[in-house]
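Visitor: Please put the model up. I have some questions about it.

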Amino acid sequence: MAEIEVPQFFLCPISLEIMEDPVALNSGITYDRASIERWIFSSSGDHTCPVTKQHLTDLSLTPNVTLRSVIQSWCTQNDVQRLPTPKSPVTKSQILKILREAKSPEMQIRCLKKLKSISRDNESNKRCMEMVGVAEFLASLINSISMELLCLSKETQDSFDLIQAREEAFSILFTLQLSEKSLGFLSNSDFIGSIVNSMKNGSFESRACSIMLLNQILEVTDPDPSLFIVLHPEFFVEIARVLKDQISPKASKSALKVLMFTLPWGRNRIKAAESGTVHILIELLLDSPEKRACEMMLAVLDLLCQCAEGRAELLKHGAGLAIVSKKILRVSKVASEKAVKILHSISRFSSTPGVVQEMLQMGVANKLCLAVHVDSGSKTQERSWEMLKMHYKSWKNSPCLQHNHPISMFSS
């Protein structure tokens with residue numbers, strides 16, 4: 001059977017596949033809706049026509065009904081699977097009607113499920129929902145539900161319904177991939193408190209959506225530092241639990257990014273250390289995570305080891321020094337730099353005779369010798385030299401030091 005030749009004008013200029021839902025830009029060029037929406041509405045959206053490079057002052061997409069009919073007829077005539085007629089994008093009036101209905105407790109879950117379904121259809125629906133204030137409505141609803149749940153002394157059917165409604169709302173907010181302006185609206189203490197509450201009582205999916213949404217807020221907005229100086233210890237307990245439960249790789253990376261953002265503020269390093277975060281990170285590092293995750297875990301440990309409580313927690317774990325040392329020169333330059341910084345903090349501020357001896361037994365001295373010789377970065381080499389000199393009297397009889405470095409190299 002001869003191969004069927006697809007007319008060129010049936011193909012989307014972006015995906016080069018037959019268009020399922022052809023739409024035209026004001027530049028006159030037709031694209032498949034899914035492809036052009038990704039082009040325009042992604043976080044790094046490009047407001048130019050991909051073909052003509054013309055700047056788009058109007059981002060509206062006009063359905064090319066005639067072309068869609070021609071494509072569908074051609075599919076039928078050539079025994080090609082007929083493309084389904086796409087759903088029409090939602091209108092502002094339809095969304096506003098759902099929001100009005102959602103104010104009724106009896107209709108809430110049903111309306112939220114409807115909004116969730118609409119948000120998953122296409123990018124146009126997401127932008128329409130954002131424009132009519134869905135993000136603000138959901139944030140207000142989530143905060144209200146969190147307050148109600150705090151007032152309930154025991155679990156009831158009402159509390160289960162409230163938790164379900166909150167989970168649906170968080171899922172929609174995350175799915176919308178909100179703009180910087182909308183995310184900025186969510187950057188307040190009440191909403192962050194609701195996120196913590198959701199991570200405490202929610203399902204795995206809800207907890208994942210909550211932490212990933214929080215990461216979105218921190219990544220694209222410039223939140224008030226005072227929000228993070230007064231974070232409750234429970235905040236770090238719940239983030240540690242997300243890491244421990246390993247809900248998903250994306251949720252774990254979001255949790256690590258949130259920690260990297262919040263730890264430098266106030267007493268957050270101490271709060272996180274006391275929440276068990278150090279122990280959890282060491283256990284995760286023992287499982288040999290992929291490169292980027294390993295770098296992030298070491299970066300968080302580096303921040304935590306800048307306080308006495310964090311260093312104490314690392315030394316308390318039997319594998320703490322060993323796993324940090326093991327990551328030097330085995331993952332990446334970034335990982336080596338962070339691992340050496342952690343050991344440097346231990347050496348400068350927590351190096352009791354017992355700790356210094358344990359570092360030798362765990363192979364730390366050997367790794368530092370290697371780091372000095374290998375191109376591991378000037379800062380890493382400098383810190384490695386400093387530690388070798390600092391503990392030379394305790395480590396001078398070590399075979400690795402005697403073999404790699406004559407005594408004269410440390411005598412100055």
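Predicted model: local features only at pLDDT ≥ 70, side-chain atom pairs only at ≥ 80, totals over all residues.

Visitor: What kind of aromatic pair do phenylalanine 9 and phenylalanine 10 form?

Guide: The ring centres are 4.8 Å apart.

Visitor: Is phenylalanine 10 buried or exposed?

Guide: Buried means under 20% relative accessible area, exposed over 50%, and partly exposed in between (1.4 Å probe, protein chains only). Phenylalanine 9 has 53%, so it is exposed. Phenylalanine 10 has 2% relative accessibility, so it is buried.

Visitor: What kind of aromatic pair do phenylalanine 170 and phenylalanine 191 form?

Guide: Their centres lie 5.8 Å apart. The angle between the planes is 50°. That makes the pair of phenylalanine 170 and phenylalanine 191 tilted.

Visitor: How many residues apart in sequence are the parts that this pair ties together?

Guide: Helices (H or I, at least four residues) and strands (E, at least two) are DSSP runs, numbered from the N terminus. Phenylalanine 170 sits in helix α7 (residues 157-175), and phenylalanine 191 in helix α9 (residues 189-201). Phenylalanine 170 is buried at 0% relative accessible area, and phenylalanine 191 is buried at 1%. The parts tied together are 21 residues apart.

Visitor: Which residues does valine 6 touch, not counting residues up to four places away in sequence?

Guide: Valine 6 is in the segment before β1 (22-24). Its relative accessibility is 26%, so valine 6 counts as partly exposed. Contact means heavy atoms within 4.5 Å. Beyond those sequence neighbours, valine 6 touches Leu11, Ile18 and Trp74.

Visitor: What separates the C-alpha atoms of valine 6 and valine 242?

Guide: Valine 6 and valine 242 are 236 residues apart along the chain. Their C-alpha atoms are separated by 49 Å.

Visitor: Which residues does glutamine 72 touch, not counting residues up to four places away in sequence?

Guide: Glutamine 72 lies in helix α2 (residues 65-77). Its relative accessibility is 7%, so glutamine 72 counts as buried. With those sequence neighbours left out, glutamine 72 touches Arg82, Leu83, Pro84 and Thr85.

Visitor: What is the phi of lysine 53?

Guide: Most residues other than glycine have a negative phi. Lysine 53 lies in the loop between α1 (33-41) and β3 (62-63). Lysine 53 is exposed, at 57% relative accessible area. Its phi is positive, near 65°.

Visitor: Where does glutamine 177 lie?

Guide: Glutamine 177 is not a glycine, yet has a positive phi of about 50°. At 42% relative accessibility, glutamine 177 is partly exposed. Its place is the loop between α7 and α8 (180-186).

Visitor: How far apart in space are glutamate 382 and alanine 371, C-alpha to C-alpha?

Guide: Glutamate 382 lies in helix α22 (residues 378-390). Glutamate 382 is partly exposed, with a relative accessible area of 48%. Glutamate 382 and alanine 371 are eleven residues apart in sequence. In space, the C-alpha distance is 9.4 Å.

Visitor: How many helices and strands does the protein have?

Guide: Buried residues make up 49% of the 412 residues. The C-alpha atoms fill a box of roughly 85 × 65 × 40 Å, taken along the principal axes. The protein has 24 helices and three strands.

Definitions and conventions: Residues numbered from 1 in each chain as written. Heavy atoms only, no water. Phe/Tyr/Trp six-rings, centres within 6.5 Å; stacked < 30°, edge-to-face > 60°.
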